[in-house]
Amino acid sequence: MKGESITARCLMCGKTYDVPSDHKEYPKLAASKSSAPAFICDLCEYRVRHEADEQQKPKKPM
Ligand SMILES: [Zn+2]
């Protein structure tokens, strides 16, 4: 039997994904009783993390 998956929509890019049961967001999605739970997909999460890194770089004061 294949693992279960949940169809969830990415909050950032709006695409829907089948989130497999081994995905780290799966428990959260499974716990939310919504028929269309939302999460942040791996791509967007990577992008957010990358942008956060950029913001942590010291900036010259104006
Ligand atoms: Zn996304």
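A residue is called buried when its relative accessible area is under 20%, exposed when that area is over 50%, and partly exposed in between. The legends below use these words for a predicted model.

**View 1. Glu25 in the loop between β2 and α1.** Glu25 sits in the loop that runs between β2 and α1. Its relative accessible area is 14%, so Glu25 is buried. The side chain of Glu25 makes a polar contact of 3.0 Å with the side chain of Lys28. When residues up to four places away in sequence are not counted, Glu25 touches Phe39 and Glu45.

**View 2. His23, a residue of the loop between β2 and α1.** The loop that holds His23 lies between β2 (16-20) and α1 (26-31). Is His23 buried or exposed? The relative accessibility of His23 is 14%, and therefore His23 counts as buried. From the side chain of His23 to the backbone nitrogen of Glu25 is 2.9 Å. With neighbours within four places in sequence left aside, His23 is in contact with Phe39 and Asp42. Phe39 is also on the list of residues that Glu25 touches.

View 3. Which residues supply the protein donors of the zinc ion? They are Cys10, Cys13, Cys41 and Cys44, each through its SG atom, and they lie 2.3 Å from the ion. Along the chain, these donors follow the spacing C-x2-C-x27-C-x2-C. Cys10 belongs to strand β1 (residues 5-10) and Cys41 to the loop between β3 and α2, so this pair ties together parts that are 31 residues apart in sequence. The angles among the four donor atoms run from 102 to 119°, and the site is tetrahedral. The structure holds zero disulfides.

View 4. Cys10 and Cys41 are both buried. For Cys10 the relative accessibility is 2%, which is why Cys10 counts as buried. Cys13 has a relative accessibility of 33%, so Cys13 counts as partly exposed.

**View 5. Lys15 in the loop between β1 and β2.** Lys15 is placed in the loop between β1 and β2. Lys15 counts as partly exposed because its relative accessibility is 49%. Leaving aside neighbours within four places in sequence, the contacts of Lys15 are Ala8, Arg9 and Cys10. One of these, Cys10, is also a donor of the zinc ion. Lys15 and Arg49 are 34 residues apart along the chain, and 19 Å separates their C-alpha atoms.

**View 6. Pro20 in strand β2.** Pro20 is part of strand β2. With 35% relative accessibility, Pro20 counts as partly exposed. Glu4 is 16 residues away from Pro20 along the chain, with 6.1 Å between the two C-alpha atoms. Glu4 is among the contacts of Pro20, together with Ser5 and Tyr26, when neighbours within four places in sequence are left aside.

**View 7. Confidence along the protein chain.** The protein chain has an average pLDDT of 88, and 97% of its residues score at least 70. Which element has the lowest mean pLDDT, and which the highest? Helix α2 (residues 42-56) has the lowest, at 89, and strand β3 (residues 38-39) the highest, at 94.

Key
Residues are numbered from 1 along each chain as its sequence is written. This is a predicted model: local features need pLDDT of at least 70, side-chain atom pairs count only at pLDDT 80 or more; totals for chains, interfaces and linings use all residues. Side-chain values use heavy atoms; hydrogens and water are left out. pLDDT is the predictor's confidence in each residue, from 0 to 100. Helices (H or I, at least four residues) and strands (E, at least two) are DSSP runs, numbered from the N terminus. Donors are N, O and S atoms within 2.8 Å of the metal (3.2 Å for Na, K and Ca); water is not among the atoms, so sites may look incomplete. Four donors count as tetrahedral if all angles lie between 85 and 135 degrees; four count as square planar and six as octahedral if opposite donors are over 155 degrees apart and all others between 65 and 115; anything else is irregular. Buried means under 20% relative accessible area, exposed over 50%, partly exposed in between (1.4 Å probe, protein chains only). A disulfide is a pair of cysteine sulfur atoms within 2.5 Å. A polar contact is a pair of N or O atoms within 3.5 Å; within protein, one must be able to donate a hydrogen and the other to accept it, and residues adjacent in sequence count only if both atoms are side-chain atoms. Contact means heavy atoms within 4.5 Å.
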